[in-house]
Amino acid sequence: MATANPTMFQASDLNRHNDSVQRRYRLLFGLMTLLLITPVMLILGTLVAKGGGAISWEFLFSAPTDGMRTGGIFPALLGTVWLVTVALLLSVPIGIFAAIYLSEYAGDNWFTRIINLAIINLAGVPSIVHALFGLGAFVIFFKFGTSILAASLTLAVMTMPVVIVATRESLQAVPQAFREACWNMGATRWQTIRRVVLPNSLTGILTGVILEVSRTAGETAPIMFTGAVFFTPFLPNSVFDQTMALSLHLFVTATQVPGISEEVPFGVALVLIGLVLTMNSVSIAFRMWLRGKKKW
Amino acid sequence: MVELATPAAATTDASQQTVAAVPNKLEVRNLTIRYGSEVALRDVSLSIREHEIFGIIGPANAGKTSFLKAINRMDVFTSGMRVDGEIHFAGRDTRRLNNVYALRSRIGVVFPLPVGLPMTVYDNVALSPRLRGINEKAELDVIVQRCLTRAALWDEVKDRLNALGSLLSGGQQQRLTIARALSQEPDLLMLDEFSIAVDPVTTMRIEDVLKELRKEVTIILVTNLVQQARRLADRTAFFLGGECVEIGVTEDLFTGEVKDQRTRDYVEGRFG
């Protein structure tokens, strides 16, 4: 063995330069990350500071009184749960099944390429356009009237492309070698999907769906014209009823009610964002659990 | 067939006499495989006998893997892949077969890189029986143990059958893949460069397994290790650039009794 060159481990100018460059990049990336979480922190801080006082049992579980100046938000909270649930019941099965078709069955040809393009474009349509589409199609043409059904259908159309894209990505994250191993055994496409592909993408799909829930809960424009109302003294009994909704209630209390305490709209916003954050934490917990069970 | 089960100690003459009486497991006639306009395999005709280990050697892009894919009718999953010619398996032209699932379930395939499916060791081996409709635990237990034992893996995994198959070591996963292929109770086992990601000791163990298996199944062994073909194969074909250059008794190829100079060059390592 030759003796080591004594200067081998001494830092050269190039070493020092490379190291200082990488430090500067690390600083840049770190700062950007800080910048990213700053607005989140500011929003949450403001909401808790200004709206925290409004939150009470009564606020969450009673109806508004005195032209929404006092009382609670229960009809809006319940309405949002209705809207999101019905919208998901419509969009999730259709979205997932369509994604399975596109990812596992459809060949790569001009037709599927057009469909994929349409899905991407649909995801980019502004929500107010969806709102007008929903008004024209579901409220007027299908004669559902302004109802939970019409609003949820509108929300479903809006969220479906995102469900499809999220599902397709989870499906395609399953290595092709697994499918081929299964096909080689004589399994049909469906057997392969059912036994190998779905079990390994389900958690990813569900994560996408949960993230979708939080987006649906916050949408205002699509439900304004199609099913949500400023105020109704009744709680919804079926999907053909109108309903209040948290997002619209926030808009109303913040801009349309004179002489209302500042605490109310902040409280509504806090409840809405709390709902969304709860959903997101479920999704994050899910993903951490998934990572713990990483299978390949 | 009984004579064939004894290791190839017999002289070339004797073994040829014996195998002449054995029916062909697989007959390939004028097989041409194209990807788009590119020809991957040109006009290959050969037959593989029952219970022989048929080696296929050749450098990359020789068409070896495409050949296996065509046999298994996996071309339908590969866009742009076109197969012309006839492949008779167990007396039927597989190109005209409607029930390709039955065909594939009779053929076990082992890939270059081990593919442990992301399920437990047990489920990996029980998958194929389950696809066939066997759901009884006791029956599955027997199959799983038998296949893992035959693949020389049982002793290493018998205490962790519920561990994930995809988390076994590379060599173990490759034996798991073999066990899974055996769980299909295949008539034909196709191995595609199985030792590429496996250490030499495991390779030798798998080779011993294959020598045992040839009593029961016909084996096509695609390998880029010419010495592996020499150790295992009864007959060997040499593929080069989409052409089947030569087919012969393995020992002949290695002792220089070749028809084509290129075979000798390849076997002796003069080009790769």
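## Helix α9 of chain B

In this predicted model, helix α9 of chain B covers residues 200-213.

The buried residues of α9(B) are B:Thr202, B:Ile206, B:Leu210 and B:Leu213. Viewed down the helix axis, these buried residues fall within an arc of 85°, so they line one face of α9(B). An α-helix has 3.6 residues a turn, so residues three or four places apart point the same way. On the other side of α9(B), the exposed residues are B:Pro200, B:Val201, B:Asp208 and B:Glu212.

The buried residues of α9(B) pack against several elements of chain B. Two of these are helices, α8 (170-182) and α10 (226-232). The others are the strands β3 (53-57), β7 (188-192) and β8 (218-223).

## Strand β7 and its neighbours

Strand β7(B), one of the elements that the buried residues of α9(B) pack against, is mostly covered, with 5 of its 5 residues buried. In a regular strand the side chains alternate between the two faces of the sheet. In β7(B), B:Leu188, B:Met190 and B:Asp192 point one way, while B:Leu189 and B:Leu191 point the other way. Residues pointing in either direction are buried, B:Asp192 among them.

β7(B) pairs with β6(B) and with β8(B). Strand β6 (residues 107-110) of chain B runs parallel to β7(B) and is joined to it by 4 bridges. In this pairing, B:Ile107 has B:Leu188 of β7(B) as its bridge partner. The pairing of β7(B) with β8(B) is also parallel, over 5 bridges. Here B:Asp192 has B:Val222 of β8(B) as its bridge partner.

## Chain B as a whole

Chain B contains 12 helices and 10 strands. Its radius of gyration is 18 Å, close to the 19 Å that the globule rule gives for 272 residues, so chain B is as compact as a globular protein of that length. The C-alpha atoms of chain B fill a box of roughly 55 × 40 × 35 Å along the principal axes.

Of the 272 residues in chain B, 45% are buried. When contacts between residues at least 6 apart in the sequence of chain B are considered, 67% of them join residues at least 24 apart.

## Chain A as a whole

Chain A has 12 helices and 2 strands. Read from the N terminus, the elements run α-α-β-β-α-α-α-α-α-α-α-α-α-α. The radius of gyration of chain A is 25 Å, well over the 19 Å that the globule rule gives for 296 residues, so this chain is more spread out than a compact globule. Its C-alpha atoms fill a box of roughly 90 × 55 × 30 Å along the principal axes.

In chain A, 37% of the 296 residues count as buried. For contacts in chain A between residues at least 6 apart in sequence, the share joining residues at least 24 apart is 76%.

## Contact between the chains

The contact involves 17 residues from chain A and 18 residues from chain B. On the side of chain B that touches chain A, the elements giving two or more residues are α4 (100-106) and α5 (121-131). The largest share of that side, 4 residues, comes from α4(B). By type, the residues on this side of chain B are 11 nonpolar, 6 polar and 1 charged.

Key:
Residues are numbered from 1 along each chain as its sequence is written. Chains are lettered from A and ligands numbered from 1 in the order in which they are written. This is a predicted model: local features need pLDDT of at least 70, side-chain atom pairs count only at pLDDT 80 or more; totals for chains, interfaces and linings use all residues. Two residues are in contact if their C-beta atoms, placed from the backbone, lie within 7 Å. Ala, Val, Leu, Ile, Met, Phe, Trp, Tyr, Cys and Pro count as nonpolar, Asp, Glu, Lys and Arg as charged, and the others, Gly among them, as polar. The radius of gyration is taken over C-alpha atoms; the globule rule is 2.2 Å times the number of residues to the power 0.38. A residue is buried if 20 or more other C-beta atoms lie within 10 Å of its own, exposed if 12 or fewer, and partly exposed in between; C-beta atoms are placed from the backbone. The expected span of a helix is 1.5 Å times one less than its number of residues. The arc is that of the directions from the helix axis to the C-beta atoms. Two strands pair if DSSP finds at least two bridges between them.
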